[in-house]
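Please open the structure in a viewer and keep the selection panel at hand. The tour moves from one selection to the next and describes what is found at each stop.

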Amino acid sequence: MEKSKITLFVFLLFSFWVSANAVYNINVVDYGAKTDGKTDSTKAFLTAWNLACSKTQSVKIYVPNGRYLLKQITFKGPCKNNVTSFQIDGTLVAPSYKVLGNAPNWILFYKVTGLSISGGTLDAQGASFWACRRSGKSCPPGARSLAFNFGTKITVKGLTSINSQIMHISINNCNNLLMQGLKIVAPDDSPNTDGIHIQLSTGVTITGASIKTGDDCVSIGPGTRNLWIEASNCGPGHGISIGSLGQDKLEQGVQNITVKNVVFTGSNNGLRIKTWARPSNGFVRGVLYQDIIMKNVVNPILIDQHYCPRNKGCPSQESGIKISQVTYRNIQGSSASQVAMKFDCSRTNPCTDIKLQTVKLTYQNTAAKSTCLNAKGASTGSVLPQSCL
Ligand SMILES: *[C@@H]1O[C@H](CO)[C@@H](O)[C@H](O)[C@H]1NC(C)=O
Ligand SMILES: *[C@@H]1O[C@H](CO)[C@@H](O)[C@H](O)[C@H]1NC(C)=O
């Protein structure tokens, strides 16, 4: 080949390489999404997603400032690429609970791999649903705001979720999820508005979260492994809870959970593990709570193996869930009740290897108390209230 042809060939090859690797940009507004918060934008978002999902190169879906009304929507994978990003500058608004009907999730990502979501606000407008529930009328079961089912390698950064109908974020059967800088807000008295619920999932990391809600800030269900929660704030809310577990006889265990550098403010619970008093093959093994601050928390440290929140029709058996290797290291602050530390374990399956390593919890100006039932372990360093292990 002569030189000019070689140059042309190299140029064409290079251009092809660039276009194959360039990020393909999709703006939802170009596909008919409306920013008025009133016009249904569900179809526009789905069209944008389906296009993104069909590309073999990286794709960025952009949601500009504005309010977008979305009905129940499922972003379905697997996609032809594993590099889709969603950049959200706007707010996604849910329709009335009557429109969502029996949908268990408002926004669902299903079987998606390699997704990153950044920014954005989800406003589920849950107040009318809570009012329906409080009225005692018959209401739909309610929809979780954002759910990931069977997802892998997913990052969510800087997302805000407000006023979910039931739980805000649900992670189910996922691997390798990072949630960074999430802000979750619902009133203290809103029913069952858990912040983040995780189950049957491995390798979930939550950092820099601020969660103020009406139920658990984070609830950790069966089959959760290698969970890391760090540098986060919880409260008001019901604390960070492992459980409730042991609802079913056959249940996957919870293993390798780290909660580090978390501040609880005015929450009902701090570090809680709860199981029903029923036979089960499940377990909780390898939990580290470290560098925790409690500010006026009703139950700062709690293991409750006789969990029965409504105190009605409670199982009268003992819990089959085996709890072991739970370490409380450097837990400080104030309790809003006298019993700052309570280990109420199963008679048939006592808690074992509970470690207290420097704990200082106070109750008003008097001494706080600790109570133990069927709990075995050891304490090192100064432990206040005095350990009952
Ligand atoms: C995406 O990731 C999944 C799981 O790791 C893999 O099976 C699949 O081949 C990947 N797809 C592409 C297009 O890279
Ligand atoms: C425990 O989980 C962390 C992530 O939270 C992970 O880095 C570590 O390797 C896990 N340990 C074991 C023994 O699996």
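Throughout this tour, a residue is called buried under 20% relative accessible area, exposed over 50% and partly exposed in between, with a 1.4 Å probe and protein chains only. This is a predicted model, in which local features need pLDDT of at least 70 and side-chain atom pairs count only at pLDDT 80 or more, whereas totals for chains, interfaces and linings use all residues. Residues are numbered from 1 along each chain as its sequence is written, chains are lettered from A and ligands numbered from 1 in the order in which they are written, and side-chain values use heavy atoms, with hydrogens and water left out.

**The cysteines**

How many disulfides does the structure hold? There are six disulfides, a disulfide being a pair of cysteine sulfur atoms within 2.5 Å. With bonded cysteines counted along the chain, their pattern is 1-2, 3-4, 5-6, 7-8, 9-10, 11-12.

Select Cys132 and Cys139. Their sulfur atoms are 2.1 Å apart and form a disulfide. The angle about this S-S bond is -110°, and the link of Cys132 and Cys139 is left-handed. Cys132 is buried, at a relative accessible area of 7%, while Cys139 is partly exposed, at 24%.

Next, select Cys217 and Cys234, a disulfide with its sulfur atoms 2.2 Å apart. Here the angle about the S-S bond is 85°, and the link of Cys217 and Cys234 is right-handed. Cys217 lies in the loop between β17 (210-212) and β18 (218-220) and Cys234 in strand β19 (residues 225-234), so the pair ties together parts that are 17 residues apart in sequence. Strands (E, at least two residues) and helices (H or I, at least four) are DSSP runs, numbered from the N terminus. Both Cys217 and Cys234 are buried.

Move on to Cys372 and Cys388, whose sulfur atoms form a disulfide at 2.0 Å. The link of Cys372 and Cys388 is right-handed, with 75° about the S-S bond. Distant parts of the chain are linked by this pair: Cys372 belongs to strand β28 (residues 369-373) and Cys388 to the segment after β29 (375-384), 16 residues apart. Cys372 is partly exposed, with a relative accessible area of 27%, and Cys388 is partly exposed, also with 27%.

Now select Cys174. Cys174 is buried, with a relative accessible area of 2%.

**The ligands**

Select ligand 1 and the residues around it, namely those with a heavy atom within 4 Å. They are Lys80, Asn82 and Thr113. A polar side-chain atom of Asn82 is 2.3 Å from an oxygen atom of ligand 1, a polar contact being a pair of N or O atoms within 3.5 Å. Ligand 1 exposes 360 Å² when taken alone, and the protein buries 35% of that.

Finally, select ligand 2. Which residues are around ligand 2? They are Asn226, Leu227, Trp228 and Asn256. A backbone N or O atom of Asn226 lies 3.4 Å from an oxygen atom of ligand 2, and an N or O atom in the side chain of Asn256 is 2.4 Å from an oxygen atom of ligand 2. Taken alone, ligand 2 exposes 360 Å², of which the protein buries 39%. Strand β19 gives the most to the shell around ligand 2, with three residues.

Technical notes. A polar contact is a pair of N or O atoms within 3.5 Å; within protein, one must be able to donate a hydrogen and the other to accept it, and residues adjacent in sequence count only if both atoms are side-chain atoms. Accessible areas come from the Shrake-Rupley method with a 1.4 Å probe; for residues, only the protein chains shown count as cover.
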